[in-house]
Amino acid sequence: MQISDFKAIVTTFADPGSELLFEKSKVVISLNGVLIEADISTSSGDVSVHEAESLVPASSWIVNRLANLPLLAARLQDNVSQTRCFVSPAAQFLPTLENRPENDAIYTSDAIDTALVALNERSPLETTVLYVTSDAGEGKTSLINELARAQASSFRARKTDWLLVPIPLGGRHFLRFDDITVGVLQNRYRFPFLYWDSFLALVRMGVIVPDFDGFEEMFVESSSGEALSAMGILVSSLDSKGAIVVAARRAYFEFESLKDQERLLDSIRSHSVGFGKLELQRWTKDQFIAYCNKRGLVNSNNFYSVVKGFLGKDHALLTRAVLVRHLIDVAETSSSIDDLLPKLSQSGADYFAVFVRKLIEREASDK
């Protein structure tokens, strides 16, 4: 890290109204009311920091001493919801043009592993924007949360150098990205140590990858296109560095308005940005059986076959993750499969309303 970059990044962490001092070979910064003093030196143009008898690269000092990312990793593990009996869905993955110029989607049976590889292999010459799309109830939020927890665990074990930070956008369309992000860090993750500028600096460094979950809700509420403009401003501020993940429902991923697309492209055209898409697929028999086995359901293959015989293999109760979960909940409390399935086939919309109501309640309360 060069001295100019070091000064710019350290400045973003300083307490408001405090004076940041760079004097000869020392740096003095007030961080959360605590005065930090360290010696700095350069070797081959790279900055090193000497504090408390330890000499570390400047980037490592920023990550661990100023940003306190090991604590953030612990908070993510504690506060990001864990999905019970998680099963990774299949997906169609479209890499960025930098990584795959052919522009052909790739089928993957493990979406979480593919997302991890895509973010690990992002180009250092551009900002990577990875869209995660699916219909409602098909596992976007669950996949994001599981990936965030896995990254936090690997970070604490020093197996990776970056964190995925989920930032839910649902119901917050009157706020800007900076207000939402800082609010989530403080209220949800109990981590009051980053300002928006310091958060962006860490994203540019590649040690934080924010995930904006529920972007389509901001877009729908902001019919004039402010949400797209806000994302364009965010991507521009990254200055062709770092990566972000944007989760949105499939119905709103392909924006119909060319004007809205133009706003986004106009705001980023002076920067290098690579767009990729991970389109989650509905569950097939493999994911259904894997989930049933994790739930401890006896004779999962027979259960799938019988339900498929009544409803068909493409029915939502067999293919949408959130509805499969409720189906198994009902199956566990039913006296037998023979008692459950006639209700499903004979009661029509009246019985399916129970499952639809569960989905609506999830959207209203959890999202």
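**A pocket, a cavity and a helix pair**

The second largest pocket in this predicted model has a volume of about 590 Å³.

By class, 9 of the lining residues are nonpolar, 6 are polar and 7 are charged.

Two of those helices, α1 and α7, also pack against each other. Their axes lie 7 Å apart, at an angle of about 140°, and α1 passes α7 in a left-handed crossing. How is the contact made up? On the α1 side we find I9, T12 and F13, and these meet D197, S198, A201, L202 and M205 of α7. Sorted by class, the residues of this contact are 5 nonpolar, 2 polar and 1 charged. In general, an α-helix has 3.6 residues a turn, so residues three or four places apart point the same way.

Let me stay with α7 for a moment. Of its 10 residues, 7 are buried, and the helix is thus mostly covered. The buried ones are W196, S198, F199, L200, A201, L202 and V203. S198, A201 and L202 therefore belong both to the contact with α1 and, being under 20% relative accessible area, to the buried set. Just after α7, G206 takes a positive phi of about 90°.

How many cavities of 30 Å³ or more does a search of the whole structure find? The search finds 1, and the largest cavity holds about 50 Å³ of space. Its lining consists of A115, L119, L130, V132, L143, I144, L147, L164, D211 and V245. The elements that give two or more residues to this lining are α4 (111–120), β8 and α5, with α5 giving the most, at 3 residues. In terms of class, the lining has 9 nonpolar residues, no polar ones and 1 charged.

V132 is found in strand β8, which covers residues 127–134. Is V132 buried or exposed? It counts as buried, because its relative accessibility is 2%. Leaving aside residues up to four places away in sequence, V132 touches K140, V245, V246, A247, A248, L278 and L280. Among these, V245 also lines the largest cavity. D211 is another residue of that lining; the C-alpha atoms of V132 and D211 are separated by 9.6 Å, although the two residues are 79 places apart along the chain.

Finally, two loop residues. N68, in the loop between α2 and α3 (69–79), has a phi near 55°, a positive value in a residue other than glycine. R158, in the loop between α5 and β9 (163–168), likewise has a positive phi, near 60°, and is not glycine. Which exposure class does each fall into? N68 counts as partly exposed, because its relative accessibility is 24%, whereas R158 counts as exposed at 78%.

Note on methods: Residues numbered from 1 in each chain as written. Predicted model: local features only at pLDDT ≥ 70, side-chain atom pairs only at ≥ 80, totals over all residues. Heavy atoms only, no water. 1 Å grid on protein atoms, 1.4 Å probe; cavity = no way out; pocket = protein on both sides within 12 Å on 5 of 7 lines; lining within 4 Å. Points joined across faces, edges and corners; volume = space filled by probe spheres on them. Nonpolar A, V, L, I, M, F, W, Y, C, P; charged D, E, K, R; others polar. Helix = DSSP H or I, 4+ residues; strand = E, 2+ residues; numbered from the N terminus. Buried < 20%, exposed > 50% of the residue type's maximum accessible area, 1.4 Å probe, protein only. Axes fitted to C-alpha atoms, helices over the stretch in contact; angles between N-to-C directions. Left-handed = near helix turned anticlockwise from the far one by under 90°. Contact = heavy atoms within 4.5 Å.
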